[in-house]
Every structure is written in structure tokens, then in C-alpha cells.
Amino acid sequence: MVERIVTIRNRAGMHARPAALLVKTAAEFESRIYIEKDSERVNGKSIMGVITLGATYNTPLKVIADGPDEAQALDAIEKLFENRFEEE
Amino acid sequence: MASQIEKFRVLDLLQLDLRENDALNLKCIGGRPGLIREISVTEINRPGLELGGFYENFAHQRIQIFGRGENAFLQKLAKEKRREEMEKLFTFPIPCCVFTHSLQPTADFFDIAEKAGCAILQTDLSSSEFTMRILRVLSTIFAPKQTVHGVLVEVFGIGVLLEGDSGVGKSESALSLIERGHRLVADDSVEIRRVSGNILMGSGAQVVSHHMEIRGLGIINITHLFGVGAIRDRKQIQLVVQLEYWDAKKNYDRIGAEENTIDILGVHVPCVVIPIKPGRNIPVIIETAARNERLKKMGYYSAREFNKNVMNWLETESTRVKFLNEK
């Protein structure tokens, strides 16, 4: 199991489009993926779960991956956050 | 994965969305800076003794409730004495003061509370009614909590939590159940709280409540599509149904005489594992599981009763054979 802290850099926060992008990326990997905000943990492959976190601009999130391709999954997800989900 | 809530502040108490007989009808009438103070315990205190000058065992970490009695006492005190008592009271870091019956504290009370940075709240409820409600509300807030990935539906009055890996068909099964007249509580992310000892209350997050994600359709609003009868806000979890892809090597329960349970926040909940395979009508199977759970609650165990009949019959048969052989 590996984990990494990422920060939301797009102004609008985690709304439907970034959430969908995140879930789509997560679903490409076999590993189980979780996103944690404070003490709340949701499944990274569930769009409703990810939106439920209510993650706003500059919120730090913990991404946890567990499985055979965990390292690649973390890298791919981190990249999304770095690219601000292709938003402002 | 049980988690502790983040700090619960007085402001959070004011912002709670409570309705009908849960409503606290609170508003802040003074000491606004104090709204950031934290509420850390579920109990309340009526500061009668303290106003009288007795501070031993003062439960200052609790919400302080001023009812008609306390307010009348303060009014009766001479001005200087009153100031002195109130200043002493506010040297303690009390989370907030609540005046019931829409009572107005005196002007100097406002001053002192403001200076001490303690919020003054007011409600139109009576002291006893407010006490009952706030205890109920706080005990829910401070209850052990856990968020699980699954769908919570009410089927024939039984709260059924559908679990399983992403893409196994939880939402689709739930949609089918809704279409058959059952109710959706929460999709995808279910927040579970253990209240009153061993009751597991499940609900969804406010923002996404009663929306579902169906592959190919996207996010849909169940309330608008199926009507208000197709939803409910919270429901006790009484049965867990785990959906999984059919594994030919795995042994699935063929008799059902044994009671399988799963541990959620320390409570044992009946649990069934249902394998998915083309040709298996999952919603009907879930409905049947819920019906069966109701029967069990009434003390009737289908599988056990069936086996009892079989045993009786075998016994009669063996006696008959024995009797015939003897003849």
C-alpha cells in the first residue's frame, strides 16, 4: 500500500468534471484506490464518493493505492492534480 | 476505518439542518466571536448552583442552559452582585449559553459574554424540550461514524446495504429496486453512525443526496425521476448484501441455516453474499433476502424449519421401515 498527499489546485474545487476525470483515471488501474480528506475516506473509483468529500481549492487530500499497480496509479492521479484537472 | 469527527463548533450547531421535532430553533443573539468555540461533550448543564456562587465540580465544558429559573435569578440579583457572578461564570471556557423560552438576558450579560468571547444563543423552545432535543442531536453528532462504499436502500421496510466492488452493479440493482417501489437512502457513499448503543443509522451526504451515478447515463436525480416516495433520508441498516462476481471455485451458502454476520462499528449485522451471473435476477434476490430477514425477525427461520421437517420425516420413515421389517 502506498499513499501520497496531493493538493487541489483548480479554483473551482472538486466538482463533477474533475471528479469524473479522477474516477476515470482510478478505474484504469487494478489497485484499490481511496481518497482521504481529514478523517473521511471514500472509494476513488466512485464519482459520488469523491464529490461527497467537498474538497475545495487548496485542500490537501491523501491518495491511497493498494494493489499490483499501486505506484503507477498514484503517479497518474498525482499528475491530474498537478495539471489542475485541465482547468484554471 | 471508524473515524473521529473534526472539531464541532458552536457555528456548526447553528448550521445543522434539523427539521420537525429535531429542530433546535437556535439563533445567535450576542457574543458572535464565540461561535468558533468548540463543543466537545454531549452533556448539558443548568448553571443554577454556579450563579449562586457554588463552583465545585462545575461542568464548564458543557453547553450552559439558562431557563426561566436562571434568568429570573439573574434579574433579581443586585446589579453589582450580578456583574460579579457573571464575570466569574465567564472566566470558565464554556462553549456557549442558551436562553430558552425566547428569554432576553440583561444588557450587562451581553457585555460580559461579548468580552469573554462566549456566544449567547436563544431558542423559543422550553428548557426541557430543548434539553431533550439537544441531547439527541449531540449524541448523533458524537456517535462513532464510518463511511462505506455502497448503496443503502429500504426494501420492504428493511434497511439493506449493498456492497461490492466498483462496477459490480450496486447502483443498477438499487435502481431496479426503486423501480419496483422501494426507496433509496444513499448511493455510493453511505455514512453510518452508531446511535443508542447498537443501532446503525445510515444516511447520505447532503450535497449529493438522492442522486445516483449510472454508467452510461451519468448522474441522475432520483427524487425528480421517481418522486418523493422513492427516497428517504436515513434508515437503520439491518441487512448487508455483498454482491460479487460468480466464482466457480467458491462455496456459496446452499442451505442458509447458519447466520452470517458482518461487524460494522462493533455491531453485528446479518450478511449475505450474492454471486452475480447472467440470468440471475439480482433485485428479486435482494427482495427475497429482505423478506427472509423479516421472517427471521419474527422468529421464523425458513432453512431451519425446513430441515426440522426433513428430520421428522426421516424419523417417521425409519420407524415405518423398522415396523414393516418386524412384521
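## Two helices in chain A

In chain A, helices H1(A) and H3(A) run roughly antiparallel to each other (over 145 degrees; under 35 is roughly parallel, 65 to 115 roughly perpendicular, the rest oblique). Their packing angle is about 165°, and the axes lie 10 Å apart (axes are fitted to C-alpha atoms, for helices over the stretch in contact, and angles run from 0 to 180 degrees between N-to-C directions). H1(A) covers residues 16-27 and H3(A) residues 70-82 (helices, H or I of at least four residues, and strands, E of at least two, are DSSP runs numbered from the N terminus).

This is a predicted model, in which local features need pLDDT of at least 70 and side-chain atom pairs count only at pLDDT 80 or more, while totals for chains, interfaces and linings use all residues. Residues are numbered from 1 along each chain as its sequence is written, with chains lettered from A and ligands numbered from 1 in the order in which they are written.

The crossing of H1(A) with H3(A) is right-handed (the near helix is turned clockwise from the far one by less than a right angle; anticlockwise is left-handed). On the H1(A) side, A:Leu21, A:Leu22, A:Thr25 and A:Ala26 make the contact, and H3(A) brings A:Ala73, A:Ala76, A:Ile77 and A:Leu80 (contact puts C-beta atoms, placed from the backbone, within 7 Å). Sorted by class, this contact has 7 nonpolar residues, 1 polar residue and no charged ones (Asp, Glu, Lys and Arg are charged; Ala, Val, Leu, Ile, Met, Phe, Trp, Tyr, Cys and Pro nonpolar; the others, Gly among them, polar).

## The five-stranded sheet of chain B

Now over to chain B, where 5 strands form an open sheet with mixed pairing, in the order E1-E5-E4-E3-E2 (strands pair if DSSP finds at least two bridges between them). Strand E1 (27-30) and strand E2 (44-45) are the edge strands, each pairing on one side only. Inside the sheet, E4(B) (residues 96-99) and E5(B) (residues 119-122) run parallel and are joined by 4 bridges. Looking for a bridge partner of B:Cys97 in E5(B), you will find B:Ile120.

Helix H5 of chain B, residues 107-116, packs on this sheet and touches E1, E4 and E5. The direction of H5(B) makes about 100° with that of E1(B).

## Helices H4 and H5 of chain B

H5(B) also has a helical partner: H4(B), residues 79-89, packs with H5(B) at about 30°, with the axes 10 Å apart. The two are therefore roughly parallel, and they cross in a right-handed sense. From H4(B) the contact takes B:Arg82, B:Arg83, B:Met86 and B:Glu87; from H5(B) it takes B:Asp108, B:Phe109 and B:Ile112. The class count here is 3 nonpolar, no polar and 4 charged residues.

## The six-stranded sheet of chain B

A second open sheet of mixed pairing has 6 strands, ordered E9-E7-E8-E15-E17-E16 in chain B. Strand E9 (183-186) and E16 sit at the edges and pair on one side only. On average, neighbouring strands of this sheet are turned by 35° against each other, direction ignored. E15(B) runs parallel to E17(B) (residues 267-276), with 6 bridges joining them; for B:Val240, the bridge partner in E17(B) is B:Cys271.

H7(B) lies across E7, E8, E9 and E15, at about 25° to E7(B). H9(B) lies across E7, E8, E15 and E17, at about 150° to E15(B). How do these helices meet? The axes of H7(B) (residues 170-179) and H9(B) (residues 282-297) come within 9 Å and cross at roughly 70°, which makes H7(B) roughly perpendicular to H9(B). B:Ser173, B:Ser176 and B:Leu177 of H7(B) meet B:Ile282, B:Pro283 and B:Ile286 of H9(B), a set of 4 nonpolar, 2 polar and no charged residues.

## Where the chains meet, and a loop

Between the chains, 16 residues of chain B are in contact with 16 residues of chain A. On the chain B side, strand E6 (145-149) and strand E12 (211-214) each supply at least two residues. That side divides into 5 nonpolar, 7 polar and 4 charged residues.

Finally, B:Asp247 is in the loop between strand E15 (239-245) and strand E16 (261-264). B:Asp247 is exposed, with 9 other C-beta atoms within 10 Å (exposed is 12 or fewer within 10 Å, buried 20 or more, partly exposed in between, with C-beta atoms placed from the backbone). From B:Ala119, B:Asp247 is 128 residues away in sequence and 60 Å away in space, C-alpha to C-alpha.

Conventions
Contact = placed C-beta atoms within 7 Å.
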